[in-house]
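Me: I am new to this structure. Please show it, and then let me ask about it piece by piece.

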Amino acid sequence: MLGIALAGAKEMKNTSLKNLKDVRAYTNLPVLSSIPLLENALLVRRKRRLFWLAWSSAFIIGSIAMAGAMYYHFFGRSS
């Protein structure tokens, strides 16, 4: 808990501008240009792989939970 509190305090003290919205809010000046975020092919593949891994894991865990609930409903209750 102390670590989370210290990280939150450090983040609140951080006054750096992180995106265009911050620049517009603090300077009230128009932004003439910005540097786009460049992603290489490796990073794109990694993001796509993590996306599919997360969805497939959620589907498998959800299916197991549903099967367990059905098993309990039909066979687990003693009447």
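Reply: One definition comes ahead of the questions: a salt bridge is a side-chain nitrogen of Lys or Arg within 4 Å of a carboxyl oxygen of Asp or Glu. This is a predicted model, where local features need pLDDT of at least 70, side-chain atom pairs count only at pLDDT 80 or more, and totals for chains, interfaces and linings use all residues. Residues are numbered from 1 along each chain as its sequence is written, and side-chain values use heavy atoms, with hydrogens and water left out.

Me: By this rule, what does the salt bridge count come to?
Reply: The rule looks for a Lys or Arg nitrogen within 4 Å of an Asp or Glu carboxyl oxygen. Applied here, the count comes to 1 salt bridge.

Me: Which side chains meet in a salt bridge?
Reply: Take the exposure classes: buried means under 20% relative accessible area, exposed over 50%, and partly exposed in between (1.4 Å probe, protein chains only). E39 is partly exposed at 37%, and K47 is partly exposed at 46%. Their contact is 2.6 Å, N to O, and the side chains are those of E39 and K47.

Me: How many helices and strands are there in the protein?
Reply: Helices (H or I, at least four residues) and strands (E, at least two) are DSSP runs, numbered from the N terminus. From that end the elements run α-α-α. The tally is 3 helices and 0 strands.

Me: Why is the protein described as more spread out than a compact globule?
Reply: The radius of gyration is taken over C-alpha atoms, and the globule rule is 2.2 Å times the number of residues to the power 0.38. The C-alpha atoms fill a box of roughly 70 × 40 × 25 Å along the principal axes. For 79 residues the rule gives 12 Å, so the protein counts as more spread out, with a radius of gyration of 24 Å.

Me: What percentage of the residues count as buried?
Reply: The accessible surface comes to about 8000 Å², and 69% of it belongs to carbon and sulfur atoms. Such areas come from the Shrake-Rupley method with a 1.4 Å probe; for residues, only the protein chains shown count as cover. Of the 79 residues, the buried share is 0%.

Me: How far apart are the end C-alpha atoms of α1?
Reply: The expected span of a helix is 1.5 Å times one less than its number of residues. Of the 12 residues of α1, the number buried is 0, so this helix lies largely in the open. Those 12 residues should span 16 Å, and the end-to-end value agrees: 17 Å.

Me: How many aromatic pairs does the structure hold?
Reply: Rings of Phe, Tyr and Trp (its six-membered ring) pair if their centres lie within 6.5 Å; planes under 30 degrees apart count as stacked, over 60 as edge-to-face and the rest as tilted. Ring pairs link F51, W52 and W55 into a cluster. The total is 3 aromatic pairs.

Me: What is the angle between the planes of F51 and W55?
Reply: F51 and W55 are 4 residues apart in helix α3, or about one helical turn. F51 is partly exposed at 44%, while W55 is exposed at 57%. Their rings are 6.4 Å apart, centre to centre, in an edge-to-face pair with an angle of 65°.

Me: Which kind of aromatic pair do Y71 and F75 form?
Reply: Y71 and F75 are also in helix α3, 4 residues apart, about one helical turn. Both are exposed. With 5.3 Å centre to centre and 45° between the planes, the pair is tilted.

Me: What accessible area do M70, Y71, F74 and F75 have together?
Reply: Patches are made of residues with over 30% relative accessible area and no salt bridge: like charges are joined within 9 Å, nonpolar side chains (Val, Leu, Ile, Met, Phe, Trp, Tyr) within 5 Å. F74 sits in helix α3 (residues 41-76) and is exposed at 57%. M70 is partly exposed at 48%. These four form a nonpolar surface patch of about 540 Å².

Me: Which residue has a positive phi although it is not a glycine?
Reply: Most residues other than glycine have a negative phi. The exception here lies in the loop between α2 (20-27) and α3. Its phi is about 55°, and the residue is N28.
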